[in-house]
Amino acid sequence: MKIPAFLQGSTELSVTGPKVLASFQIFGITINFTETVILEWIVMAVIIGLCIFLTRNLKVRNISKRQVIAEMAVEAITNLVRDTMGKRWLSFTPYIATVFCFSIFGSLISLFGVRAVTSDFSVLITWALMTFILITATKIKYGGVGGYLKGFADPIPVMLPINILSEVATPTAMALRHFGNIAGGSIIMGLIYFGLTSLSHMIRLQVPILTIGIPAVLSLYFDLFSDFMQAFIFIMLTMVFISNAGPSDDEAASSAA
Amino acid sequence: MKLGFLSIDIGTILFSWINLMILFFALKHFLFKPVQKILSERQEAVDKSLKDAEDARERAEAAETAYTEKLQQTKEESAEMLRKATRKAQLRSEEIIADAKSEAAAILQANRDELEREKHRAESQLRSEVSGLAVMVAEKVMEREINQADHERLIDEFIDSVGDVQ
């Protein structure tokens, strides 16, 4: 009896990057258009659609459940930014919310059987670079270009290489941490599916019934918990690094006085 | 064609950055702007109603103070009135009692006068009767007529002597 392919389970295991859908050359540089970008568009469409749905028909009184959710979400992320960064940094709230939503939905999309957006290292590099740019911009804004450059020789000039290293290490570590957790989780889940399929075939089951149920429990950790955790860690680190790059609320208040 | 597992792809970075910015502005426009607008509107409404409540409380307090003052004033006034009325009533009662006393004294005096007059009249009547009686008795005793003038003089002497004895 011939078993349809979709019922045969995962019969092969490969650890690769995203598919390249198109590729073109600009000024001799190869620009790849990968499936990650398509998945990002899907994620963005979901998030934006959700926002539009939740904020439809807003009222001051007698609010709908949708509006309650929207207000709670906005207030929660605003409070998180206020508590972590301080009052003066509240303008960063939309950006933090963007990264948080993108990370969570980009990770959770793997539950639908596609690659997670966040298991593409380039995406995490992009977000970490953005954090790095914001940190640097904040340092230059509050210390000036001279102050920023002088910071590298702080406290003694001998520290220069170490300071440069730590400056580079910040975004690298953030990107690798997030990528490693999500990609690692998806590899482990792939291994579990592959292993359970092989086990099913070993005990002469044509359809890998063992892959039903058991992976769901592990998926709770490797997909759901890990996704939320990594999104939260990423925005927390972003907020802490950016707010540490500028003066604290107390310092700002004392210098203004 | 697939990229390597840990590959860093310029194209993906570029597109991802653009996507991140698009999502940033979309969230800002579709989520934060409307929700923050409604939140600040609600905050304004709450502030306004709080202020209204505060005003109302102050007004109520002022009214209560005024009312209490007025009540106190009224109490004092009524107490004053009561005191005055009591004093007036007392004076009046004393006056009435005094009037009654003097009237009673006057009546007593009048009665006494009347009695005195009555006594005099009875006395004079008695005197005339006694004189007539005495004349008759004397006529009988003396068996003779004496004139009326002598009789009366004699009787008067008799009565006076009787009155002296009394």
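Helix α3(A) has 16 residues and spans 22 Å from its first C-alpha to its last, close to the 22 Å expected at 1.5 Å a residue. The expected span of a helix is 1.5 Å times one less than its number of residues. Helices here are DSSP runs of H or I with at least four residues, strands are runs of E with at least two, and both are numbered from the N terminus. Of the 16 residues in α3(A), 14 are buried, so the helix is mostly covered. Buried stands for under 20% relative accessible area, exposed for over 50%, and partly exposed for what lies in between, with a 1.4 Å probe and protein chains only.

This is a predicted model, in which local features need pLDDT of at least 70 and side-chain atom pairs count only at pLDDT 80 or more, while totals for chains, interfaces and linings use all residues. Residues are numbered from 1 along each chain as its sequence is written, chains are lettered from A and ligands numbered from 1 in the order in which they are written, and side-chain values use heavy atoms, without hydrogens and water.

**Helix α2(A)**

Helix α2 of chain A covers residues 65-85; its 21 residues reach 30 Å from first to last C-alpha, close to the 30 Å expected at 1.5 Å a residue. Its buried residues are Q67(A), A70(A), E71(A), V74(A), I77(A), T78(A), V81(A) and M85(A). They lie on the same side of α2(A) because they cover an arc of only 140 degrees around the axis. The arc is taken over the directions from the helix axis to the C-beta atoms. On the face turned away from this buried side, α2(A) carries the exposed residues K65(A), M72(A) and D83(A). The cover over the buried residues of α2(A) includes α1 (35-54), α3 (93-108) and α6 (214-245) of chain A, together with α1 (10-142) of chain B. Just after the helix, G86(A) takes a positive phi of about 110 degrees.

**Nonpolar core**

A nonpolar core is a set of buried Ala, Val, Leu, Ile, Met, Phe, Trp, Tyr and Cys residues joined through side-chain atoms within 4.5 Å. The largest one has 53 residues, and those with the most contacts inside it are Y95(A), I96(A), W127(A), L20(B) and L31(B). Two or more residues come from each of α1, α2, α3, α4 (121-150), α5 (160-202) and α6 of chain A, and from α1 of chain B. The largest share, twelve residues, is that of α1(B). Contact means heavy atoms within 4.5 Å. Neighbours within four places in sequence left aside, Y95(A) is in contact with W127(A), M130(A), T131(A), L134(A), T238(A), L20(B) and F24(B).

**Aromatic pairs**

Over all chains, the structure holds 13 aromatic pairs. Rings of Phe, Tyr and Trp (its six-membered ring) pair if their centres lie within 6.5 Å; planes under 30 degrees apart count as stacked, over 60 as edge-to-face and the rest as tilted. Two of the pairs are tabulated here.

| Pair | Centre distance | Plane angle | Class |
|---|---|---|---|
| F33(A) and F15(B) | 5.5 Å | 90 degrees | edge-to-face |
| Y221(A) and F222(A) | 5.1 Å | 85 degrees | edge-to-face |

F33(A) lies in strand β2 (residues 29-34) of chain A and F15(B) in helix α1 of chain B, so their pair joins two chains. F33(A) is buried, at 16% relative accessibility. Together with W41(A), F33(A) and F15(B) form one aromatic cluster. In the other pair, Y221(A) is partly exposed at 46% relative accessibility, whereas F222(A) is buried at 19%.

A charge sits over a ring if NZ of Lys or CZ of Arg is within 6 Å of the ring centre and within 35 degrees of the ring normal. R66(A) lies over the face of F53(A), at 5.2 Å from the ring centre.

**Loop residues and separations**

F27(A) is found in the loop between β1 (20-26) and β2 of chain A. F27(A) has a positive phi of about 50 degrees although it is not a glycine. Most residues other than glycine have a negative phi. F27(A) is exposed, with a relative accessible area of 82%.

V114(A) belongs to the loop between α3 and α4 of chain A and is partly exposed, at 35% relative accessible area. Beyond its neighbours within four places in sequence, V114(A) is in contact with L39(A) and I109(A). V114(A) and R66(A) are 48 residues apart along the chain, and their C-alpha atoms are separated by 29 Å.

In helix α1 of chain B lies L108(B), which is partly exposed with a relative accessible area of 46%. L108(B) and Q73(B) are 35 residues apart in sequence and 52 Å apart in space, C-alpha to C-alpha.
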